[in-house]
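Thanks for coming. I will go through one model today, from the overall figures down to single residues. Please have a look at it first.

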Amino acid sequence: MHSFLRVLLGLALVFAGTSHLTFARKEFTAQVPEFVPLSEDATVLASGVAEITLGSALVLAPKPARRFVGSVAALFFTVIFPGNLSQWVNRRDAFGLDTDEKRVARLFGQPLLIAAALWSTRGRRS
């Protein structure tokens, strides 16, 4: 189950990262907080590259490196959380999140992603 979730999370990250660089590029600008020193587009592109890299690493990392990769992925999900908060606070519509209720509900998904990144890369306890 750990490996299945790790690969699923990795593939989801690769897909999300690819969408940052292509068809959903404009949508992702809704999540860029004002305090980020880069332009919205540069931030979306950089986070897309990071997601592709992390997703690939989750899928392809050798067993001894998986715990580290999972920790980096969890840190990444933590670092991008202010973007989700910004989308809610500034009432920006994107990805079907067109009400405050939907935007708040999304905030609860981030801790689940953090937990999935950590749990799926820890393996079974002996």
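What percentage of the 126 residues in the protein do buried residues make up? The figure is 35%, where buried means under 20% relative accessible area, exposed means over 50%, and partly exposed is in between, with a 1.4 Å probe and protein chains only.

Before the rest, some housekeeping. This is a predicted model, in which local features need pLDDT of at least 70 and side-chain atom pairs count only at pLDDT 80 or more, while totals for chains, interfaces and linings use all residues. Residues are numbered from 1 along each chain as its sequence is written, and side-chain values use heavy atoms, with hydrogens and water left out.

Now the overall build. The protein has seven helices and zero strands, so from the N terminus the order is α-α-α-α-α-α-α, with helices (H or I, at least four residues) and strands (E, at least two) taken as DSSP runs and numbered from the N terminus.

On dimensions, the C-alpha atoms fill a box of roughly 45 × 25 × 25 Å along the principal axes.

Contacts come next, meaning heavy atoms within 4.5 Å. Of the contacts with a separation of 6 or more, 69% are between residues 24 or more positions apart.

The accessible surface is about 7,500 Å², and carbon and sulfur atoms hold 69% of that surface. These areas come from the Shrake-Rupley method with a 1.4 Å probe, and for residues only the protein chains shown count as cover.

As for charge, there are 14 positive and 9 negative charges, and their mean positions are 17 Å apart. Lys and Arg count as positive, Asp and Glu as negative, and His and the chain ends are not counted. Each charge is placed at NZ of Lys, CZ of Arg, CG of Asp or CD of Glu.

Let me turn to helix α1. It covers residues 2–21, and its 20 residues should span 28 Å at 1.5 Å a residue; the end C-alpha atoms are 29 Å apart, which agrees. The expected span is 1.5 Å times one less than the number of residues.

Which residues of α1 are buried? They are H2, R6, L9, G10, L13, A16, G17, S19 and H20. The cover over these buried residues includes α2 (25–28), α3 (40–60), α4 (63–79) and α7 (109–120).

One of the buried residues of α1 is S19, with a relative accessibility of 4%. Setting aside residues up to four places away in sequence, S19 touches A24, R25 and F28. S19 and V44 are 25 residues apart in sequence, and their C-alpha atoms are 9.8 Å apart in space.

Moving to helix α3, S47 is found there and counts as buried at 16% relative accessibility. Beyond its neighbours within four places in sequence, S47 is in contact with H20 and F76.

In the loop between α2 and α3 we have V36, which is partly exposed at 21%. V36 and G83 are 47 residues apart along the chain, and their C-alpha atoms are separated by 9.6 Å.

Last, the loop between α5 (81–89) and α6 (100–107), where R91 sits. R91 is not a glycine, yet it has a positive phi of about 55°. Is R91 buried or exposed? R91 is exposed, with a relative accessible area of 58%.

F95 lies in the loop between α5 and α6 as well. F95 has a positive phi of about 60°, again without being a glycine, and it is partly exposed at 38% relative accessibility.

R92 is also found in the loop between α5 and α6. Not counting residues up to four places away in sequence, R92 touches T29, A30, V32, E34, S86, Q87, L97 and R103. The C-alpha atoms of R92 and L38, 54 residues apart along the chain, lie 19 Å from each other.
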